[in-house]
Amino acid sequence: MSVLELRGVVKAFGPTVVLRGVDLAVDEHRVVALIGGSGSGKSTLLRCASLLETVDDGQVLLDGEDVTDPRVDADRVRRRMGVVFQAYNLFPHLSVLDNVTLAPTVVHGRPQAEAVEEAQALLDRIGLADKAAEFPDRLSGGQQQRVAIVRALAVRPRVLLLDEVTSALDPELVGEVLALVREVAGQGMTIVMATHEMGFARQVADTVAFLDGGVLLESGPPGQVLGEPQHPRTRRFLARVIDAGRL
Amino acid sequence: MALRRRRRARPVLSTVRPGAALPPPSALELERRAWRTRRARRSTLVALASTLLFALVAWFAVTRSPGWPRVQATFFSPSAALESLPDIARGLLVNLQVLVVGGVLVLVVGLGTAALRTLRGPAFAPLRILATVYVDLFRGVPLIIVLYLVGFGFPALGLQGVPTSPFVLGTAAIVLVYSAYVAEVFRAGIESVHPSQRAAARSLGLTHRQTMRIVVLPQALRTVTPALLNDFVALQKDVGLISVLGAIDAVRSAQIQVGRTFNFTPYVVAGLLFVLLAVPSARLADAVTARARRRQQSGSLL
Ligand SMILES: Nc1ncnc2c1ncn2[C@@H]1O[C@H](COP(=O)(O)OP(=O)(O)OP(=O)(O)O)[C@@H](O)[C@H]1O
Ligand SMILES: [Mg+2]
């Protein structure tokens with residue numbers, strides 16, 4: 001059974017139909033990279049998957065449970081997912097440590113001491129243990145984004161949803177964030193990530209899915225979708241990406 | 001890495017055509033919508049029922065209490081209410097005039113003061129200081145003192161050309177005090193606009209004033225509208241204070257009736273009229289705040 005599955009997900013904002021029937025199944029320990037042009041609906045898809053938007057049709061299943069059912073408590077579902085956005089992730093009024101321990105203690109009711117210990121260990125792993133007491137604005141963008149990922153991991157989510165976590169960063173900071181994603185993926189975390197980093201998608205993803213015109217036009221192993229795309233629109237998109245020097 | 005298994009698979013090509021019209025909602029979605037409607041209806045019913053129940057209990061508790069007949073006769077006498085209503089309503093028109101004239105003036109003076117306080121550069125120091133002193137002073141002094149000083153003090157000077165109408169003087173006092181508050185609201189709004197917005201405008205060659213008028217103020221206004229509406233609600237009832245200067249407004253009319261009959265119902269009538277006046281503004285403030293919040297979240301559920 002897939003950890004996360006989208007079945008015919010439709011989402012429209014007024015007259016703008018952004019998703020017109022998206023099917024996507026993400027198995028445990030797999031990494032899916034969502035690619036597609038700007039405005040193709042990658043963020044919308046991730047927001048629907050994390051129940052930050054109500055779908056207009058179709059289903060989202062988490063561990064086989066239909067979480068788009070209005071009878072399901074969305075807060076309870078979101079506790080089982082980790083979401084990291086492009087920017088503005090950390091709470092500026094809380095220290096790095098408090099950012100990481102917030103959800104484990106307040107939402108999951110873990111003892112403070114245990115949560116702190118675990119958070120310290122996580123921060124240690126990303127080399128930011130000495131920044132635990134700092135406030136987010138004293139960290140670089142890359143450090144902030146790594147803390148944001150660690151914060152999402154601190155609740156031990158079933159699936160990690162990453163929305164272009166590197167696109168707000170300076171090029172030299174992108175590497176450190178991608179390295180962390182790679183490490184997290186290596187440890188077996190199930191990940192869906194929207195990204196413009198094709199090289200990274202090729203190396204780390206098990207599946208690359210190309211979103212275009214509100215549907216997943218083509219999905220498969222990165223070697224095939226990025227190397228020998230079947231659909232002319234995928235080819236055109238990748239040609240543009242190559243022109244921009246991103247592959 | 002031990003957990004990763006690479007799977008070779010054929011690529012999946014979607015069968016949904018990008019440009020095609022959206023199919024009608026599925027049975028599942030229709031059922032979901034029906035359930036949401038049912039739940040919304042149920043919530044409304046529960047709210048209605050519990051409100052009714054509460055009102056009934058409160059009604060019985062009050063009307064069955066021993067002192068109620070006397071309380072009713074003194075504060076809620078229907079005949080006294082009817083008798084006093086025409087005069088009070090006519091008085092309320094005076095309050096409304098003060099409200100409209102005062103409200104507009106407060107906006108102008110408040111915005112001007114806020115703009116003065118945000119002026120940079122040493123040449124503007126006196127203006128800036130003046131504006132600051134004014135705000136500090138009139139935010140600190142109780143409105144009633146300003147009313148006495150302006151309303152009774154000015155005419156006592158006996159100067160030529162100083163208006164003596166309690167309407168004009170009362171409005172002036174209210175404008176003085178409220179403009180100081182509103183100036184601070186505006187200033188907070190102006191300062192909440194991110195500095196890079198100003199930098200972007202200036203880098204396009206706009207002057208300080210153009211930057212303010214075209215870029216900063218529109219954004220600031222959007223942020224402060226809820227706070228301004230809140231101040232407007234406060235102003236609506238404070239216009240009743242001009243009665244202390246002898247203006248025949250709603251409060252004063254009520255006072256006259258009470259003095260004549262020793263029944264306090266006219267005060268209750270005047271109070272209720274002020275509440276009726278305030279309710280639409282309060283709801284409008286709520287709505288504007290909610291809209292601003294929705295816009296910030298750009299359609300998200302949270
Ligand atoms: N809250 C909203 N209200 C109206 N339209 C929206 C809203 N959110 C997104 N859209 C529209 O939905 C479409 C998809 O947006 P989305 O943010 O999902 O794209 P994206 O693939 O993430 O793009 P990018 O790569 O630039 O981040 C866009 O056309 C956008 O204008
Ligand atoms: Mg996006």
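Which element gives the largest share of the lining of the largest cavity?

1. Basis of the note. This is a predicted model, in which local features need pLDDT of at least 70 and side-chain atom pairs count only at pLDDT 80 or more, whereas totals for chains, interfaces and linings use all residues. Residues are numbered from 1 along each chain as its sequence is written, chains are lettered from A and ligands numbered from 1 in the order in which they are written, and side-chain values use heavy atoms, with hydrogens and water left out.

2. Answer to the opening question. The largest share of that lining, four residues, comes from α4(A).

3. The cavity itself. One cavity of 30 Å³ or more is present, and about 30 Å³ of space lies in the largest cavity. A cavity is a set of points on a 1 Å grid over the protein atoms alone where a 1.4 Å probe fits but cannot get out, and lining residues have an atom within 4 Å of a point. Grid points are joined across faces, edges and corners, and the volume is the space filled by probe spheres set on the points.

4. Among the lining residues are Val100(A), Arg110(A), Glu118(A) and Leu122(A). The lining divides into six nonpolar, one polar and two charged residues (Ala, Val, Leu, Ile, Met, Phe, Trp, Tyr, Cys and Pro count as nonpolar, Asp, Glu, Lys and Arg as charged, and the others, Gly among them, as polar).

5. Ligand 1. This ligand lies between chains A and B.

6. An oxygen atom of the ligand is 2.7 Å from a side-chain N or O atom of Lys42(A), and an oxygen atom is 2.9 Å from a side-chain N or O atom of Glu164(A). A polar backbone atom of Ser40(A) is 3.2 Å from an oxygen atom of ligand 1.

7. Annotated span. The unreviewed UniProt entry places "domain: ABC transmembrane type-1" at residues 92-285 of chain B. This span is 81% helix and 0% strand, and its end C-alpha atoms lie 22 Å apart.

Conventions:
UniProt positions renumbered as here; feature names shortened; annotations may be inferred. Helix = DSSP H or I, 4+ residues; strand = E, 2+ residues; numbered from the N terminus. Near = heavy atom within 4 Å. Polar contact = N/O pair within 3.5 Å; in protein donor to acceptor, adjacent residues only side chain to side chain. 1 Å grid on protein atoms, 1.4 Å probe; cavity = no way out; pocket = protein on both sides within 12 Å on 5 of 7 lines; lining within 4 Å.
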